[in-house]
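Here is a friendly note to read alongside the structure. Please keep the 3D view open as you go through the points.

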Amino acid sequence: VKDFKDGKNINILFVLDDVENNGNIKFLVAKYNSLNEYIKVVFIDENVTILYKTKKARILKDMILEVEPEKRTEFIESETKKLFDDKLNIDYSVTLNKESFKNIIKVFSKKEDLNDNLKLFDICLQADNERDTNMVAFIKIANYIYNNFNRFSFIKLVKNFHSGNISVKSNFEFKDLFLLYSYFLNEDKTIKYADIPTLSRRKRIEIDENNRTKVIDFYDNDKFVNDNYLRVEVLNATNKTRLAIKAVDKIRENDFDVVDWGSSSKKYEFTTIFDLVNNYEKIKEIKDVLNCGEIIFRPKERPLTDVSVFLGQDCNIYDKLDRESDD
(Lines give C-alpha, C1' and ligand atoms only; values in the text may rest on other atoms or scores of the structure.)
Protein backbone atom coordinates (compact mmCIF):
# COMPACT_ATOMS: atom_id res chain seq x y z
CA VAL A 1 0.00 0.00 0.00
CA LYS A 2 2.88 2.35 0.80
CA ASP A 3 4.36 1.67 -2.64
CA PHE A 4 1.03 2.58 -4.28
CA LYS A 5 0.73 5.72 -2.19
CA ASP A 6 4.31 6.84 -2.86
CA GLY A 7 3.96 6.52 -6.62
CA LYS A 8 6.26 3.53 -7.12
CA ASN A 9 5.89 1.49 -10.28
CA ILE A 10 3.99 -1.70 -9.46
CA ASN A 11 4.35 -4.52 -11.99
CA ILE A 12 1.81 -7.32 -11.78
CA LEU A 13 1.79 -10.57 -13.76
CA PHE A 14 -1.73 -11.88 -14.44
CA VAL A 15 -2.16 -15.53 -15.40
CA LEU A 16 -5.41 -17.15 -16.51
CA ASP A 17 -4.81 -20.88 -16.01
CA ASP A 18 -7.34 -23.20 -17.63
CA VAL A 19 -4.83 -25.97 -18.28
CA GLU A 20 -6.68 -28.68 -16.38
CA ASN A 21 -9.89 -28.17 -18.39
CA ASN A 22 -8.92 -27.12 -21.89
CA GLY A 23 -5.14 -26.80 -21.95
CA ASN A 24 -5.40 -23.01 -22.18
CA ILE A 25 -3.12 -20.55 -20.43
CA LYS A 26 -2.95 -16.83 -21.07
CA PHE A 27 -0.92 -14.13 -19.38
CA LEU A 28 -0.08 -10.46 -19.45
CA VAL A 29 1.89 -7.96 -17.42
CA ALA A 30 0.50 -4.65 -16.15
CA LYS A 31 2.14 -1.57 -14.67
CA TYR A 32 0.37 0.72 -12.23
CA ASN A 33 1.70 4.00 -10.87
CA SER A 34 -0.52 6.30 -8.81
CA LEU A 35 1.21 9.37 -10.27
CA ASN A 36 0.93 8.42 -13.94
CA GLU A 37 -1.98 9.08 -16.25
CA TYR A 38 -2.01 5.58 -17.69
CA ILE A 39 -2.18 1.97 -16.61
CA LYS A 40 -0.11 -0.02 -19.10
CA VAL A 41 -0.85 -3.61 -20.10
CA VAL A 42 1.25 -5.81 -22.38
CA PHE A 43 -0.05 -9.09 -23.83
CA ILE A 44 2.35 -11.97 -24.43
CA ASP A 45 1.64 -14.65 -27.05
CA GLU A 46 1.72 -18.03 -25.34
CA ASN A 47 2.18 -19.70 -28.75
CA VAL A 48 5.41 -17.93 -29.57
CA THR A 49 8.48 -20.05 -30.30
CA ILE A 50 11.43 -19.38 -28.02
CA LEU A 51 14.70 -19.60 -29.94
CA TYR A 52 17.86 -20.83 -28.27
CA LYS A 53 21.46 -20.67 -29.46
CA THR A 54 22.46 -24.06 -28.09
CA LYS A 55 19.11 -25.83 -27.63
CA LYS A 56 16.19 -26.80 -29.83
CA ALA A 57 13.53 -24.10 -30.29
CA ARG A 58 10.42 -24.64 -28.14
CA ILE A 59 6.88 -23.23 -28.10
CA LEU A 60 6.38 -21.28 -24.90
CA LYS A 61 2.97 -22.81 -24.13
CA ASP A 62 4.37 -26.35 -24.44
CA MET A 63 7.15 -25.46 -22.02
CA ILE A 64 4.65 -24.06 -19.54
CA LEU A 65 2.42 -27.14 -19.69
CA GLU A 66 5.35 -29.37 -18.79
CA VAL A 67 5.94 -27.46 -15.55
CA GLU A 68 4.25 -28.66 -12.36
CA PRO A 69 1.04 -26.66 -11.67
CA GLU A 70 2.35 -25.02 -8.50
CA LYS A 71 5.44 -23.78 -10.36
CA ARG A 72 3.79 -22.54 -13.57
CA THR A 73 3.40 -18.91 -12.53
CA GLU A 74 7.02 -18.77 -11.37
CA PHE A 75 8.15 -20.18 -14.73
CA ILE A 76 5.99 -17.67 -16.68
CA GLU A 77 7.44 -14.87 -14.56
CA SER A 78 10.96 -15.99 -15.47
CA GLU A 79 10.20 -16.17 -19.20
CA THR A 80 8.41 -12.80 -19.13
CA LYS A 81 11.46 -11.17 -17.59
CA LYS A 82 13.60 -12.57 -20.40
CA LEU A 83 11.25 -11.12 -23.02
CA PHE A 84 11.74 -7.74 -21.35
CA ASP A 85 15.53 -8.13 -21.42
CA ASP A 86 15.54 -8.70 -17.63
CA LYS A 87 14.58 -5.04 -17.14
CA LEU A 88 11.19 -5.95 -15.68
CA ASN A 89 10.89 -6.51 -11.95
CA ILE A 90 7.58 -8.28 -11.30
CA ASP A 91 6.34 -7.22 -7.87
CA TYR A 92 3.22 -9.36 -7.66
CA SER A 93 1.65 -12.25 -9.53
CA VAL A 94 -2.02 -13.18 -9.64
CA THR A 95 -3.20 -16.54 -11.00
CA LEU A 96 -6.88 -17.29 -11.59
CA ASN A 97 -8.61 -20.33 -12.98
CA LYS A 98 -11.47 -20.10 -15.45
CA GLU A 99 -14.31 -20.41 -12.93
CA SER A 100 -12.83 -17.83 -10.55
CA PHE A 101 -12.41 -15.31 -13.35
CA LYS A 102 -15.96 -16.00 -14.48
CA ASN A 103 -17.21 -15.32 -10.94
CA ILE A 104 -15.30 -12.02 -10.87
CA ILE A 105 -17.07 -11.04 -14.09
CA LYS A 106 -20.40 -11.88 -12.47
CA VAL A 107 -19.50 -9.72 -9.45
CA PHE A 108 -18.80 -6.63 -11.55
CA SER A 109 -21.44 -7.04 -14.24
CA LYS A 110 -24.73 -5.23 -14.21
CA LYS A 111 -27.63 -7.59 -14.72
CA GLU A 112 -28.31 -6.35 -18.24
CA ASP A 113 -24.63 -6.75 -19.23
CA LEU A 114 -23.84 -10.14 -17.68
CA ASN A 115 -24.63 -12.38 -20.65
CA ASP A 116 -22.65 -10.19 -23.04
CA ASN A 117 -19.66 -10.20 -20.68
CA LEU A 118 -19.76 -13.97 -20.27
CA LYS A 119 -19.85 -14.34 -24.07
CA LEU A 120 -16.78 -12.09 -24.26
CA PHE A 121 -15.05 -14.31 -21.73
CA ASP A 122 -15.75 -17.40 -23.83
CA ILE A 123 -14.27 -15.62 -26.84
CA CYS A 124 -11.13 -14.87 -24.79
CA LEU A 125 -10.43 -18.57 -24.41
CA GLN A 126 -11.44 -19.94 -27.82
CA ALA A 127 -8.27 -21.35 -29.30
CA ASP A 128 -9.63 -21.36 -32.88
CA ASN A 129 -10.18 -17.57 -32.87
CA GLU A 130 -7.69 -15.12 -34.28
CA ARG A 131 -5.47 -14.11 -31.38
CA ASP A 132 -6.40 -10.47 -32.01
CA THR A 133 -10.03 -11.37 -31.33
CA ASN A 134 -9.06 -13.08 -28.06
CA MET A 135 -7.14 -9.98 -26.98
CA VAL A 136 -9.89 -7.50 -27.82
CA ALA A 137 -12.48 -9.60 -25.96
CA PHE A 138 -10.23 -9.52 -22.90
CA ILE A 139 -9.71 -5.76 -23.28
CA LYS A 140 -13.45 -5.19 -23.32
CA ILE A 141 -13.89 -7.24 -20.12
CA ALA A 142 -10.96 -5.54 -18.36
CA ASN A 143 -12.25 -2.07 -19.28
CA TYR A 144 -15.74 -2.99 -18.12
CA ILE A 145 -14.51 -4.24 -14.72
CA TYR A 146 -12.29 -1.18 -14.28
CA ASN A 147 -15.11 1.23 -15.13
CA ASN A 148 -17.63 -0.53 -12.86
CA PHE A 149 -15.46 -0.79 -9.78
CA ASN A 150 -17.53 0.72 -6.97
CA ARG A 151 -18.42 0.24 -3.32
CA PHE A 152 -21.15 -2.30 -4.02
CA SER A 153 -19.05 -4.44 -6.37
CA PHE A 154 -16.21 -4.34 -3.85
CA ILE A 155 -18.47 -5.69 -1.10
CA LYS A 156 -19.67 -8.47 -3.42
CA LEU A 157 -16.05 -9.24 -4.32
CA VAL A 158 -15.06 -9.65 -0.66
CA LYS A 159 -18.07 -11.91 0.00
CA ASN A 160 -17.13 -14.12 -2.94
CA PHE A 161 -13.58 -14.41 -1.69
CA HIS A 162 -14.79 -15.45 1.75
CA SER A 163 -17.28 -17.95 0.34
CA GLY A 164 -14.57 -19.58 -1.76
CA ASN A 165 -16.21 -18.76 -5.08
CA ILE A 166 -13.03 -16.97 -6.13
CA SER A 167 -9.73 -18.74 -5.73
CA VAL A 168 -6.59 -16.71 -6.31
CA LYS A 169 -2.97 -17.75 -6.07
CA SER A 170 -0.97 -14.65 -5.34
CA ASN A 171 1.77 -13.07 -3.24
CA PHE A 172 -0.63 -10.14 -2.91
CA GLU A 173 -2.18 -10.34 0.55
CA PHE A 174 -5.95 -10.37 0.74
CA LYS A 175 -6.01 -7.87 3.64
CA ASP A 176 -4.40 -5.29 1.35
CA LEU A 177 -7.57 -5.18 -0.75
CA PHE A 178 -9.34 -3.18 1.93
CA LEU A 179 -6.56 -0.60 2.10
CA LEU A 180 -6.11 -0.34 -1.65
CA TYR A 181 -9.82 0.02 -2.30
CA SER A 182 -9.87 3.73 -1.44
CA TYR A 183 -7.07 4.42 -3.94
CA PHE A 184 -8.63 2.51 -6.84
CA LEU A 185 -12.09 3.95 -6.29
CA ASN A 186 -10.92 7.48 -6.96
CA GLU A 187 -8.71 6.67 -9.94
CA ASP A 188 -9.38 8.09 -13.36
CA LYS A 189 -6.77 6.54 -15.59
CA THR A 190 -6.72 5.31 -19.16
CA ILE A 191 -5.59 1.73 -19.76
CA LYS A 192 -3.18 1.53 -22.69
CA TYR A 193 -2.67 -1.90 -24.24
CA ALA A 194 0.28 -3.25 -26.18
CA ASP A 195 1.26 -6.57 -27.68
CA ILE A 196 4.70 -8.13 -28.02
CA PRO A 197 5.07 -8.11 -31.85
CA THR A 198 5.56 -11.42 -33.64
CA LEU A 199 6.33 -12.71 -37.12
CA SER A 200 5.29 -15.92 -38.88
CA ARG A 201 8.38 -17.74 -40.06
CA ARG A 202 8.94 -21.37 -41.06
CA LYS A 203 5.45 -22.32 -39.92
CA ARG A 204 6.10 -20.94 -36.43
CA ILE A 205 5.49 -17.72 -34.52
CA GLU A 206 8.65 -15.84 -33.60
CA ILE A 207 9.30 -12.65 -31.66
CA ASP A 208 9.78 -9.64 -33.93
CA GLU A 209 13.16 -8.67 -32.50
CA ASN A 210 13.37 -5.43 -34.48
CA ASN A 211 10.26 -4.07 -32.75
CA ARG A 212 10.21 -5.85 -29.39
CA THR A 213 12.38 -3.16 -27.81
CA LYS A 214 9.77 -0.55 -28.78
CA VAL A 215 7.21 -2.31 -26.57
CA ILE A 216 9.73 -2.46 -23.72
CA ASP A 217 10.27 1.28 -24.14
CA PHE A 218 6.48 1.84 -24.22
CA TYR A 219 6.16 -0.04 -20.94
CA ASP A 220 9.14 1.61 -19.24
CA ASN A 221 8.63 5.21 -20.32
CA ASP A 222 5.79 7.69 -20.60
CA LYS A 223 7.12 9.20 -23.81
CA PHE A 224 4.94 8.87 -26.87
CA VAL A 225 4.68 10.32 -30.34
CA ASN A 226 2.70 13.56 -30.45
CA ASP A 227 2.35 14.04 -34.19
CA ASN A 228 -0.96 15.29 -35.58
CA TYR A 229 -0.23 13.78 -39.01
CA LEU A 230 -1.04 10.08 -39.30
CA ARG A 231 -1.11 7.84 -42.36
CA VAL A 232 -4.04 5.45 -41.99
CA GLU A 233 -4.79 2.06 -43.50
CA VAL A 234 -8.40 0.80 -43.38
CA LEU A 235 -9.29 -2.85 -43.97
CA ASN A 236 -12.72 -4.44 -44.05
CA ALA A 237 -12.42 -7.58 -41.92
CA THR A 238 -16.08 -8.56 -42.40
CA ASN A 239 -18.39 -9.68 -45.20
CA LYS A 240 -20.27 -6.36 -45.09
CA THR A 241 -20.20 -4.60 -48.44
CA ARG A 242 -18.51 -1.20 -48.90
CA LEU A 243 -17.61 -1.00 -45.20
CA ALA A 244 -14.02 0.09 -45.82
CA ILE A 245 -14.90 2.96 -48.15
CA LYS A 246 -17.61 4.17 -45.76
CA ALA A 247 -15.05 4.26 -42.95
CA VAL A 248 -12.53 5.99 -45.21
CA ASP A 249 -15.04 8.76 -45.93
CA LYS A 250 -15.73 9.32 -42.23
CA ILE A 251 -12.06 9.26 -41.25
CA ARG A 252 -11.09 11.66 -44.04
CA GLU A 253 -13.91 14.02 -43.05
CA ASN A 254 -12.02 14.36 -39.75
CA ASP A 255 -8.77 15.39 -41.46
CA PHE A 256 -6.90 12.07 -41.39
CA ASP A 257 -4.85 10.95 -44.37
CA VAL A 258 -6.10 7.51 -45.44
CA VAL A 259 -3.41 6.17 -47.76
CA ASP A 260 -4.70 2.64 -48.29
CA TRP A 261 -7.92 0.66 -47.93
CA GLY A 262 -9.41 -2.65 -48.98
CA SER A 263 -10.43 -6.06 -47.61
CA SER A 264 -8.64 -8.20 -45.06
CA SER A 265 -8.08 -11.94 -45.50
CA LYS A 266 -8.68 -12.29 -41.74
CA LYS A 267 -12.16 -11.81 -40.31
CA TYR A 268 -12.58 -9.87 -37.07
CA GLU A 269 -15.46 -10.02 -34.62
CA PHE A 270 -14.41 -6.66 -33.12
CA THR A 271 -12.93 -3.57 -34.72
CA THR A 272 -9.25 -3.43 -33.85
CA ILE A 273 -7.00 -0.41 -34.29
CA PHE A 274 -3.28 -1.16 -34.35
CA ASP A 275 -1.12 1.75 -33.28
CA LEU A 276 2.18 1.20 -35.08
CA VAL A 277 3.97 4.31 -33.78
CA ASN A 278 2.83 4.86 -30.15
CA ASN A 279 0.55 7.84 -30.75
CA TYR A 280 -2.41 6.87 -28.55
CA GLU A 281 -4.05 10.28 -28.08
CA LYS A 282 -4.31 11.04 -31.80
CA ILE A 283 -5.34 7.51 -32.74
CA LYS A 284 -8.11 7.64 -30.14
CA GLU A 285 -9.73 10.28 -32.37
CA ILE A 286 -10.12 7.60 -35.06
CA LYS A 287 -11.81 5.32 -32.53
CA ASP A 288 -14.18 8.15 -31.63
CA VAL A 289 -14.97 8.78 -35.31
CA LEU A 290 -15.87 5.12 -35.87
CA ASN A 291 -17.64 4.87 -32.51
CA CYS A 292 -16.05 1.44 -32.00
CA GLY A 293 -12.69 -0.27 -31.80
CA GLU A 294 -9.98 -1.08 -29.30
CA ILE A 295 -6.47 0.36 -29.64
CA ILE A 296 -3.44 -1.93 -29.33
CA PHE A 297 0.13 -0.69 -29.69
CA ARG A 298 1.90 -3.22 -31.88
CA PRO A 299 4.96 -1.65 -33.50
CA LYS A 300 5.67 -2.72 -37.06
CA GLU A 301 7.90 -1.49 -39.82
CA ARG A 302 5.37 -0.08 -42.29
CA PRO A 303 6.93 2.61 -44.50
CA LEU A 304 3.57 4.01 -45.65
CA THR A 305 1.25 3.68 -42.63
CA ASP A 306 1.16 4.63 -38.96
CA VAL A 307 -2.21 3.08 -38.12
CA SER A 308 -3.94 -0.11 -39.30
CA VAL A 309 -7.71 -0.23 -38.77
CA PHE A 310 -9.38 -3.63 -39.08
CA LEU A 311 -13.15 -3.11 -39.24
CA GLY A 312 -15.03 -5.87 -37.39
CA GLN A 313 -18.62 -7.07 -37.20
CA ASP A 314 -19.32 -4.49 -34.47
CA CYS A 315 -18.71 -1.62 -36.92
CA ASN A 316 -21.90 -0.17 -38.34
CA ILE A 317 -21.60 2.73 -40.75
CA TYR A 318 -24.47 3.91 -42.92
CA ASP A 319 -24.37 6.35 -45.80
CA LYS A 320 -26.60 7.80 -48.50
CA LEU A 321 -26.49 4.66 -50.67
CA ASP A 322 -27.72 2.52 -47.78
CA ARG A 323 -30.69 4.80 -47.23
CA GLU A 324 -31.51 4.82 -50.95
CA SER A 325 -31.41 0.99 -51.14
CA ASP A 326 -33.78 0.81 -48.15
CA ASP A 327 -36.21 3.13 -49.93
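**Notes on the model**

1. Let us begin with one residue: Asp18 is part of strand S1, which covers residues 10-18. Helices (H or I, at least four residues) and strands (E, at least two) are DSSP runs numbered from the N terminus.

2. A word on the source: this is a predicted model, in which local features need pLDDT of at least 70, side-chain atom pairs count only at pLDDT 80 or more, and totals for chains, interfaces and linings use all residues. Residues are numbered from 1 along each chain as its sequence is written, and side-chain values use heavy atoms, with hydrogens and water left out.

3. Is Asp18 buried or exposed? Asp18 is buried, yet has no salt bridge. Buried means under 20% relative accessible area, exposed over 50%, and partly exposed in between (1.4 Å probe, protein chains only). A salt bridge is a side-chain nitrogen of Lys or Arg within 4 Å of a carboxyl oxygen of Asp or Glu. For Asp18, the nearest side chain of opposite charge is Lys98, 4.6 Å away. Lys and Arg count as positive, Asp and Glu as negative; His and the chain ends are not counted.

4. Which residues does Asp18 touch, if those up to four places away in sequence are not counted? They are Gly23, Asn24, Lys98 and Leu125. Contact here means heavy atoms within 4.5 Å.

5. Strand S1 also holds Ile10. Ile10 counts as buried because its relative accessibility is 0%. Apart from neighbours within four places in sequence, Ile10 is in contact with Asp3, Phe4, Ala30, Lys31, Tyr32, Asp91 and Tyr92. Between Ile10 and Glu99 there are 89 residues in sequence and 26 Å in space, C-alpha to C-alpha.

6. Now look at helix H12, residues 280-290, where Tyr280, Lys282, Ile283, Ile286, Val289 and Leu290 are buried. An α-helix has 3.6 residues a turn, so residues three or four places apart point the same way. Just after H12, Asn291 has a positive phi of about 60°.

7. Finally, the whole chain: the protein has 13 helices and 15 strands. Buried residues make up 50% of the 327. Among contacts with a separation of 6 or more, 69% join residues 24 or more positions apart.
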